[in-house]
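Hi everyone, thanks for coming. I'd like to walk you through some pockets today, so let's get the structure up on the screen.

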Amino acid sequence: MIPYLFISAKVAMSRFEPNSSINYDQLRSNIDIVRKRLNRPLTLSEKIVYGHLDDPAGQEIVRGRTYLRLRPDRVAMQDATAQMAMLQFISSGLPKVAVPSTIHCDHLIEAQIGGAQDLQRAKEINQEVYKFLASAGAKYGVGFWKPGSGIIHQIILENYAYPGVMLIGTDSHTPNGGGLGSICIGVGGADAVDVMAGIPWELKCPNVIGVKLTGTLSGWTSPKDVILKVAGILTVKGGTGAIVEYHGPGVDSISCTGMATICNMGAEIGATTSVFPYNHRMRTYLEKTGRGEIAAVANENQDLLVPDSGCHYDQIIEINLSELKPHINGPFTPDLAHPVSDIGSVAEKNGWPLEVKVGLIGSCTNSSYEDMGRAASLAKQALDKGLKCKAQFTVTPGSEQIRATIERDGYAKLLRDVGGVVLANACGPCIGQWDRRDVKKGEKNTIVTSFNRNFTARNDANPATHAFVTSPEIVTALAIAGTLKFNPETDFLTAPNGEKFKLEPPTGDELPARDFDPGQDTYQHPPADGSGLRVDVNPQSNRLQLLEPFDKWNGKDLEDLQVLIKVKGKCTTDHISAAGPWLKFRGHLDNISNNLLIGAVNIENDAVNKIRNILTGEFGGVPDVARYYKKHNVSWVVVGDENYGEGSSREHAALEPRHLGGRAIIVKSFARIHETNLKKQGLLPLTFSNPADYDKIRPDDKISIVGLKSFAPGKPLEAIIKHSDGSSETIELNHTFNETQIEWFQAGSALNKMKELQK
């Protein structure tokens with residue numbers, strides 16, 4: 001493994017393990033080896049990724065084709081995914097994690113009343129889960145950030161990310177750390193287990209998309225508008241298989257936390273991750289967050305932390321920040337981009353509700369000190385004129401440090417005075433943890449958020465909610481005005497005394513003039529030796545369940561797989577394994593499997609969670625029919641459309657079909673993380689060689705997947721489609737399995753294979 005440089009950076013609560021900082025000498029050595037082999041300049045992302053190769057001298061490196069074996073420096077897990085990740089690690093039989101790792105309690109806190117009350121209620125409701133995670137962390141050497149600490153990605157930025165580090169996190173928005181020059185990649189829990197076990201981690205060698213920034217941000221335009229614009233250009237799958245690397249003279253006009261915002265939402269274009277080059281903004285942020293010694297070492301190695309001159313990008317996008325206008329994207333998909341100046345007329349044309357019911361700021365994407373300051377500057381302008389928000393308004397601090405600092409500096413008071421409710425330091429409404437009561441389910445309405453994702457029903461479980469994503473300052477302005485037809489750059493508000501006035505462009509300090517206030521101590525460091533500790537899981541628990549290994553491949557082709565559902569249109573991980581109220585079952589595979597594909601649209605009847613049980617002829621819910629098939633020893637397959645599994649990194653979307661008897665998922669194309677998660681659990685993620693073959697499959701078909709005895713990298717498989725009328729046809733299916741991944745399939749799962757290797 002890569003040796004580590006010991007940097008004695010001192011920060012509050014001893015959050016840094018002594019070996020938490022990469023050895024830049026080792027990074028330089030690996031980069032030099034690769035550069036000589038490739039004989040060309042390297043992009044920044046290539047430097048960091050290739051600098052973490054397990055075998056830099058022997059690894060085959062071809063962008064977009066070969067699989068790299070990497071040695072990440074660190075693992076981070078949020079509480080919803082950490083449950084399954086730690087259950088899998090326990091199943092591995094290993095005594096302790098091999099790399100610094102942390103658990104962050106941010107997903108299980110429901111927004112209802114306000115920060116303090118909601119946090120206390122969450123601690124009571126989730127006591128069993130928090131106790132499990134804390135004790136598992138202590139036993140296996142994993143740091144534990146208690147509920148109320150903040151959102152995982154903000155905590156990583158404040159404490160663990162730094163230029164040149166490679167970190168993997170069990171959440172799709174882990175790329176947030178790219179704002180600090182890090183390669184931070186979202187993965188499923190099984191990938192995290194590999195890294196925690198000290199096994200080289202596999203990643204398909206990414207292509208590199210360059211985004212050249214020129215000009216300067218000013219006025220109402222914010223860093224969020226950069227990624228909203230990029231999402232409109234690339235769409236939700238345009239970044240798949242690629243790292244997005246920002247560069248150019250415009251970079252220096254963006255704050256470090258602004259860069260993090262841009263990288264965070266790169267998950268919405270399917271990118272592996274996003275990254276910015278090291279600059280003075282990052283140096284200042286490191287110093288302000290107690291990591292001045294790391295900044296000093298980064299300064300000495302700055303040539304490693306920027307792209308080489310003359311490096312090659314697979315695609316280049318150019319954006320002039322001086323010409324970029326404020327954007328708002330949505331509804332129902334994060335890549336439907338509109339200038340704020342146009343959204344009112346576009347909404348009228350499409351019949352979208354103009355009234356803004358709720359404005360929500362914060363989340364892992366936009367909850368920095370600067371974000372809160374810019375929103376507060378608008379709140380003060382409104383209050384000075386006697387105005388408050390017409391819409392409901394919520395504020396989610398990204399971390400306990402941010403919460404404490406904005407309380408100290410008066411921002412929180414301004415946001416409350418204008419009508420806001422300050423929620424707990426947690427994900428909250430962004431992931432569906434929102435007890436919303438102002439509209440009924442099915443009631444058409446509009447909300448605007450500074451979040452990153454706006455899929456149907458994601459925030460409030462209401463499929464009729466039209467959710468739009470934009471910057472915190474635009475959210476605040478629209479919440480004050482109460483309508484999508486308000487363009488803050490040109491339109492006037494009316495004060496209670498009848499005075500017409502325009503909001504001045506928002507302002508806010510990049511970082512607090514005084515140091516950050518760390519707030520309450522919420523970190524539990526693992527003991528030096530936790531081997532004597534016990535981690536108990538009650539067999540009667542409905543929230544935690546120890547895992548049983550999946551069955552091995554029997555050496556035969558998969559014959560007569562019943563089509564469980566042929567999915568129509570977009571099918572994200574929210575459709576496959578819903579969040580919201582289901583989060584409480586993330587540690588109990590059988591219970592959470594009751595949400596399998598309940599949000600997917602069945603092409604047979606355009607219905608949600610209503611499919612035909614071929615054995616009985618009756619219609620039922622997707623998980624109910626799947627369980628019926630499993631009970632009667634009928635294996636099944638799912639057929640889907642483009643970019644299947646878009647969205648979250650949640651591996652439950654792969655565990656559930658495997659648990660309920662699924663064997664393969666056949667689609668036009670996959671999102672990266674979900675495809676890997678399926679492989680890890682012993683399923684076959686396959687794509688149509690000819691996308692038009694999707695139309696050949698009928699909902700009542702049986703499919704045989706043949707050629708598995710000679711299953712090999714780059715060699716397509718065949719599917720024999722058997723129709724109920726007795727006819728059949730054969731199609732070709734592609735896959736991206738390499739030799740190691742084929743061994744996962746044959747063993748029944750990656751975890752099974754890991755156990756085999758320990759014998």
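So, how many residues line the largest pocket, and which lie nearest its centre? The largest pocket is lined by 28 residues, and K441, A457, A461, N462 and A578 lie nearest its centre. Before I go on: this is a predicted model, where local features need pLDDT of at least 70, side-chain atom pairs count only at pLDDT 80 or more, and totals for chains, interfaces and linings use all residues. Residues are numbered from 1 along each chain as its sequence is written, and side-chain values use heavy atoms, with hydrogens and water left out.

What's a pocket here? On a 1 Å grid over the protein atoms alone, it's an open set of points where a 1.4 Å probe fits, with protein on both sides within 12 Å along at least five of seven lines; lining residues have an atom within 4 Å of a point.

Back to the largest pocket: there's about 650 Å³ of space in there, the volume being the space filled by probe spheres set on the points, which are joined across faces, edges and corners. Its lining has twelve nonpolar, eight polar and eight charged residues.

Now the second largest pocket, with about 480 Å³ of space. Its lining counts 31 residues, with Y67, K204, R672, E675 and T736 nearest the centre. β9 (201-204), α21 (672-680) and α22 (739-747) are the elements that give two or more residues to that lining. Helices (H or I, at least four residues) and strands (E, at least two) are DSSP runs, numbered from the N terminus. The largest share, seven residues, comes from α21.

Terms used:
Ala, Val, Leu, Ile, Met, Phe, Trp, Tyr, Cys and Pro count as nonpolar, Asp, Glu, Lys and Arg as charged, and the others, Gly among them, as polar.
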